[in-house]
Amino acid sequence: MRIPSTSCLCPFLVCLCFIQRSYGTGHHVPVKVPSKNQTKLPNGETEVHHRPKRGWIWNQFFVLEEHLGPDAQYVGKLHSNSDKGDGTVRYILSGEGAGTIFIIDEVTGDIHATKSLDRERKSHYVLHAQALDRNTEEALEPKSEFIIKVQDINDNAPKFPDGPFVASVPEMSEVGTSVLQVSASDADDPTYGNSARIVYSILLGQPYFSVDPKTGIIRTALANMDREAREHYAVVVQAKDMAGQVGGLSGSTTVNITLSDVNDNPPKFPQKNYQLYVPESAQEGKPVGKIKANDEDLGINADIKYSIINSEGANTFSISTDRDTREGILSLKKSLNYERKKTYTLHIEGVNTHTDPRFSYLGSFKDTATLKITVGDVDEAPVFSMDYYILDVYENSPSGTEVGSVTARDPDSRNSPVRYFMDSKEDGVRYFRIDESTGVIRTTQPLDREDMPWHNITVMASEVDNPVLFSHVPVTVQVLDVNDNPPEIATDEDVIVCENSRPGQVIQTITALDMDDFANGQRFSFALPNQLPVNPNFTLKDNEDSSASIIARRRRFSQLTQELYELPIVVWDGGEPSLSGTSTLTLRVCPCQRHGKVRMCQGKAFLSSAGLSTGALIAILLCIIILLAIVVLFITLRRSKKEPLIISEEDVRENVVTYDDEGGGEEDTEAFDIIALRNPAAAEELKFRRDIRPEARKHCGPAPSCRSPSVEVDEVDVHEFIKQKLVEADMDTSVPPYDSLQTYAYEGQGSPTGTISPLDSTRTHSEQDYNYLEEWGPEFQKLAELYTEVESPEVTT
């Protein structure tokens with residue numbers, strides 16, 4: 001209903017009117033009657049405030065967006081019942097856009113929009129209105145808030161924010177298979193009219209695909225779409241607002257759809273028959289040819305496994321698949337021989353390894369082809385009759401003895417003659433030679449099995465017409481044994497004989513060694529030589545088990561009487577003819593413990609206990625020699641130093657000179673009479689009475705009262721005494737020429753306290769009386785007891 005802007009609803013109310021340009025109708029604004037205000041007091045009572053009636057009220061206005069007219073767009077009118085039309089009331093406007101977007105006539109209260117508004121940027125504005133007395137500027141009405149809403153028009157087309165799209169669907173899919181869902185958005189107000197109501201449709205891509213007009217789901221519309229025929233599709237989808245009506249806005253996007261591969265194509269050989277030439281010299285295990293079947297599928301759907309399905313080809317050839325090229329690689333399992341077989345026929349099959357049971361109705365996913373192989377003739381090297389040869393010859397055979405022969409032939413149809421020769425780089429050419437024509441191998445010198453029991457040689461063969469091609473074969477020659485080495489005793493060490501051995505006691509069990517080879521084991525016999533007299537000390541017992549026992553024939557061997565004994569032993573082997581050998585054992589007499597454990601003999605004890613080898617002993621001796629050389633050098637340097645010309649009076653030393661002259665031994669009892677040097681007077685008294693034992697020395701009381709005879713005798717010139725003794729010794733023809741004397745710490749004469757040295761005493765230890773030591777004090781009492789305990793066993797004995 002159209003209401004004029006000048007009409008009023010009530011004498012006490014303000015009429016709010018607005019005009020809509022698009023529809024040409026006026027909106028009626030509901031009238032809001034003022035009510036009583038109530039305030040709740042703290043004591044629970046309610047205070048009622050009576051306010052005067054509001055002379056003007058409003059709720060909201062509407063304004064169309066995108067106004068393009070030259071004049072300002074009329075929004076609405078404000079009017080107060082206090083306004084008598086005399087211009088005394090002034091209307092003011094504040095809030096969002098007041099004064100810039102929205103203006104008000106202060107006299108009439110008309111509101112206009114001066115700018116074009118966009119609802120998608122801002123959908124509403126909040127403003128405040130107030131009526132004032134123009135003369136007093138007093139508020140005739142309290143400030144009130146109202147809203148101006150921007151009314152939507154269809155000014156935004158639908159858009160696909162995520163486009164363009166990429167999707168895929170398996171080939172051969174059924175009709176209606178979902179591919180992708182697209183979604184468009186519209187910036188218009190979805191709550192007002194049909195401006196934001198979108199409908200989908202396909203502009204490009206029919207009849208292959210369809211789209212749901214409401215949900216935007218794209219589906220297949222054609223059955224059995226084949227990727228091999230067409231793989232990529234560009235589908236254009238349109239979104240139109242206003243529910244698809246005429247005048248609605250639209251937007252579109254592109255969906256790129258790819259058909260993914262499935263295994264719907266079997267492998268196919270381009271042709272059914274193939275031919276291949278392979279020379280007979282082709283190596284085993286090496287590729288000789290290729291074959292390929294085509295498959296229009298992709299990825300694992302195109303994987304092919306090749307196989308040879310006939311036995312004739314499978315026994316000689318093998319085929320494998322190259323994963324990169326999907327080709328069948330043909331290789332040799334056995335070497336070819338043109339002279340034996342010139343052609344081969346192979347039936348090759350190619351099968352898909354990943355099949356899809358959904359497409360089994362299309363048939364078997366495999367294909368076969370025939371391959372004919374022609375073997376080419378090639379000039380080949382000679383071929384030996386055996387892969388290796390084992391020959392034998394007896395040792396010590398004369399030079400030129402035949403060992404054996406090898407045989408080779410030309411495998412070609414020409415059958416050319418063959419020449420034999422040996423590899424000159426090997427060591428076997430020193431011992432063998434081969435006949436170039438017959439292949440007979442002979443020795444060049446006698447062979448020794450004990451030196452080298454096996455010989456390995458390489459024999460080569462080549463065609464006489466074509467020496468470039470040659471083959472070789474290993475030949476092993478075994479040297480057979482003959483009995484040409486006598487047996488020997490299997491020990492190099494001395495046999496130890498205990499001093500306390502008894503007659504019949506086994507000293508040691510011995511065995512023998514023989515360098516020859518005996519097929520049934522070595523057999524040895526032992527005996528003492530028959531041509532020698534019976535050994536009074538030892539005998540030999542053959543144990544008949546290739547061992548023998550040395551047995552003592554008497555008791556009580558003495559190392560001092562005789563330390564070493566030699567025992568010759570004859571050993572026979574069991575060969576044909578039998579050989580014998582004589583070995584001499586050295587028996588060493590050593591002291592043993594009660595339980596028969598042998599003690600080490602002389603120098604061996606030191607070496608064995610130390611565990612030193614010969615090399616270690618040599619190293620030790622070298623170190624000792626070097627040390628001695630250093631000492632001699634040091635002494636020589638010291639002697640070469642010059643002595644000082646002036647010797648300090650305080651530098652008083654005793655020089656002791658030691659002579660390393662060896663004496664006359666135990667029989668020299670007169671030439672080295674040390675008492676003569678220490679006590680010349682006593683020596684004169686005992687000179688002719690050495691066969692008479694001197695009397696025991698009587699106790700003479702305390703030590704100070706006893707004086708040495710050397711103190712009582714007049715001082716004698718020692719130098720003259722030595723000269724006299726030398727003359728007597730030189731003139732005496734009844735004794736050996738002991739012409740050297742030694743002086744042992746001569747201390748001279750004249751000491752008032754005497755000497756306690758036993759050198760001037762002519763009494764033996766057994767005749768000494770040590771009781772006088774107890775009288776010297778408690779310090780010498782223990783010494784007297786010790787000497788008494790030592791001498792007492794000799795007295796009792």
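Pro 207 is found in the loop between strand S12 (199-204) and strand S13 (209-211). Strands here are DSSP runs of E with at least two residues, numbered from the N terminus. A cis peptide bond joins this proline to Gln 206, with omega of about 10°. The model is predicted, so local features need pLDDT of at least 70, side-chain atom pairs count only at pLDDT 80 or more, and totals for chains, interfaces and linings use all residues. Residues are numbered from 1 along each chain as its sequence is written, and side-chain values use heavy atoms, with hydrogens and water left out.

A cis bond is also present between Gly 163 and Pro 164, where omega is about -5°. Pro 164 lies in a loop as well, between strand S9 (144-151) and strand S10 (165-170).

Backbone phi was examined next. Most residues other than glycine have a negative phi, and most peptide bonds are trans. Asn 396 is not a glycine, yet its phi is positive, at about 65°. Asn 396 sits in the loop that runs between strand S25 (389-394) and strand S26 (402-405). Its relative accessible area is 41%, which makes Asn 396 partly exposed (between 20% and 50% relative accessible area, with a 1.4 Å probe and protein chains only).

Glu 544, likewise not a glycine, has a positive phi of about 60°.

Note on methods: Helices (H or I, at least four residues) and strands (E, at least two) are DSSP runs, numbered from the N terminus.
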